[in-house]
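Here are my notes on the model you asked me to look over. Have the viewer open while you read.

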Amino acid sequence: MIGPLLKTLLMLMPQNAISRLVGRAGRSKVSKRFIRPYVSFFKINTDEIEQPVSAYPHLTAFFTRKLKEEARPVCPLPDTLISPVDGKVAQTGRIHKGTLIQAKNINYTVEQLLGCSNKEAERFEDGTFLTIYLSPRDYHRIHMPIDGKVTHLTYIPGRLFPVNSIGVYHVPGLFTKNERLITYSHTPAGQMALVKVGAFIVGSVKVGYGEHTTNVKNGRMYSMDLPEAPHYRKGEEIGLFEFGSTVILLFEKDRVTLESHIQEGAAVKYGERIGTVSNTKIPV
């Protein structure tokens with residue numbers, strides 16, 4: 001009974017409008033007074049952040065805080081895959097028959113997630129996927145898990161359901177319903193899709209290689225090649241969330257092997273080694 005009722009309430013809620021309103025409030029000067037209570041409530045380690053808490057002009061600036069350079073050492077070993085974010089592994093596994101796992105007995109397809117054709121989705125068949133959830137207490141910037149050239153971008157407008165356990169277990173196809181900003185990169189591990197999923201209260205998702213952002217009123221889907229193909233090194237910042245959300249990584253078949261501890265529920269930190277790239281070298 002609770003499940004259907006909760007789903008109905010989530011469906012009726014004007015999620016995008018509320019999220020834009022909260023985004024504006026988070027950038028107001030008044031929001032600065034909520035930073036210290038936020039730090040206390042979520043038990044955030046302020047020793048690792050770039051600036052003193054008092055230096056942030058508003059709450060959104062603190063949400064998108066940078067870390068001290070030494071706080072997250074990037075694994076320097078060659079042919080390694082690093083975590084692009086701080087967060088918790090929600091799901092991981094093999095992409096079988098075009099299907100990924102959202103939660104137990106709840107699946108969705110690559111085609112739905114990427115908003116692409118079945119032929120394009122087949123590129124990731126039998127490949128590897130990894131879903132990482134960022135909570136409100138986590139560091140919210142996103143980094144490249146491997147060297148690569150950004151070749152394509154897709155923006156898919158949509159809903160903004162919560163991506164915590166409430167949304168994951170009560171909204172089938174959650175990640176295919178919410179807004180997404182998808183970065184495709186040419187890497188030593190072949191084609192990689194880095195899917196940034198918007199969520200309730202997320203003011204927006206932004207990337208560093210252009211004026212692209214989510215949660216735009218009356219936004220329309222678009223997909224475009226990036227002829228300049230900007231190159232990003234492993235660990236280099238590529239985007240951010242203005243609050244917590246979810247990142248999904250997709251790799252082609254036999255290109256990466258994840259570490260044995262990268263399982264559902266595992267905590268990860270940006271920069272740590274999460275996998276190994278196959279010996280097949282692809283110039284980038």
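The points below go from the whole chain to its strands and then to the aromatic rings.

1. Ground rules. This is a predicted model, in which local features need pLDDT of at least 70 and side-chain atom pairs count only at pLDDT 80 or more, while totals for chains, interfaces and linings use all residues. Residues are numbered from 1 along each chain as its sequence is written, and side-chain values use heavy atoms, with hydrogens and water left out.

2. The chain overall. The secondary structure comes to eight helices and 17 strands; helices (H or I, at least four residues) and strands (E, at least two) are DSSP runs, numbered from the N terminus. Of the 284 residues, 52% count as buried. Here buried means under 20% relative accessible area, exposed means over 50%, and partly exposed is in between, with a 1.4 Å probe and protein chains only. For contacts with a separation of 6 or more, 77% come from residues 24 or more positions apart, a contact being heavy atoms within 4.5 Å.

3. Strand S14. How many of the six residues of S14 are buried? Six of the six are, so the strand is largely enclosed by the rest of the structure. Both of its faces are covered, with Thr-246, Ile-248 and Leu-250 on one side and Val-247, Leu-249 and Phe-251 on the other. S14 runs antiparallel to strand S5 (residues 128-133), joined by six bridges, and Thr-131 stands opposite Ile-248. Six bridges also join S14 to strand S9 (residues 190-197), again antiparallel; there Lys-196 has Val-247 as its bridge partner. Two strands pair if DSSP finds at least two bridges between them.

4. The annotated serine. UniProt, in an unreviewed entry, places the feature "modified residue: Pyruvic acid (Ser)" at Ser-245. UniProt positions are given in the numbering used here, feature names are shortened, and annotations may be inferred rather than shown by experiment. In the model, Ser-245 is found in the loop between strand S13 (237-241) and strand S14 (246-251). Is Ser-245 buried or exposed? Ser-245 is buried, because its relative accessible area is 0%.

5. S6 and S13 are joined by three bridges, and Ile-142 stands opposite Gly-239. The other open sheet has three strands in the order S1-S17-S15, also antiparallel. Strand S1 (80-82) and strand S15 (256-258) each have a single partner strand, so one side of each lacks a neighbour in the sheet. The twist in this sheet averages 30° from one strand to the next. S1 pairs with strand S17 (residues 273-277) over three bridges, and Leu-81 stands opposite Gly-275.

6. The S3-S4 hairpin. Strand S3 (residues 99-103) and S4 run antiparallel, joined by four bridges, and Ile-101 stands opposite Asn-107. There are two residues between the strands, and Asn-105 takes a positive phi near 65°. S4 has a covered face, Ile-106 and Tyr-108, and an uncovered one, Asn-107 and Thr-109.

7. Aromatic rings. The structure holds eight aromatic pairs. Rings of Phe, Tyr and Trp (its six-membered ring) pair if their centres lie within 6.5 Å; planes under 30 degrees apart count as stacked, over 60 as edge-to-face and the rest as tilted. Phe-41 and Phe-42 have ring centres 4.9 Å apart and planes at 85°, so they are edge-to-face. Phe-41 counts as exposed at 62% relative accessibility, whereas Phe-42 is partly exposed at 22%. Tyr-108 and Phe-175 are also edge-to-face, at 5.8 Å centre to centre and 70° between the planes. This pair links distant parts of the chain, with Tyr-108 in strand S4 (residues 106-109) and Phe-175 in helix H8 (residues 174-177), 67 residues apart. Both Tyr-108 and Phe-175 are buried.

8. The ring cluster. Which residues do ring pairs link into a cluster? They are Tyr-38, Phe-41, Phe-42, Tyr-56, Phe-62 and Phe-63. Arg-65 lies over the face of Phe-62, at 4.5 Å from the ring centre; a charge sits over a ring if NZ of Lys or CZ of Arg is within 6 Å of the ring centre and within 35 degrees of the ring normal.

Note on methods:
Axes fitted to C-alpha atoms, helices over the stretch in contact; angles between N-to-C directions.
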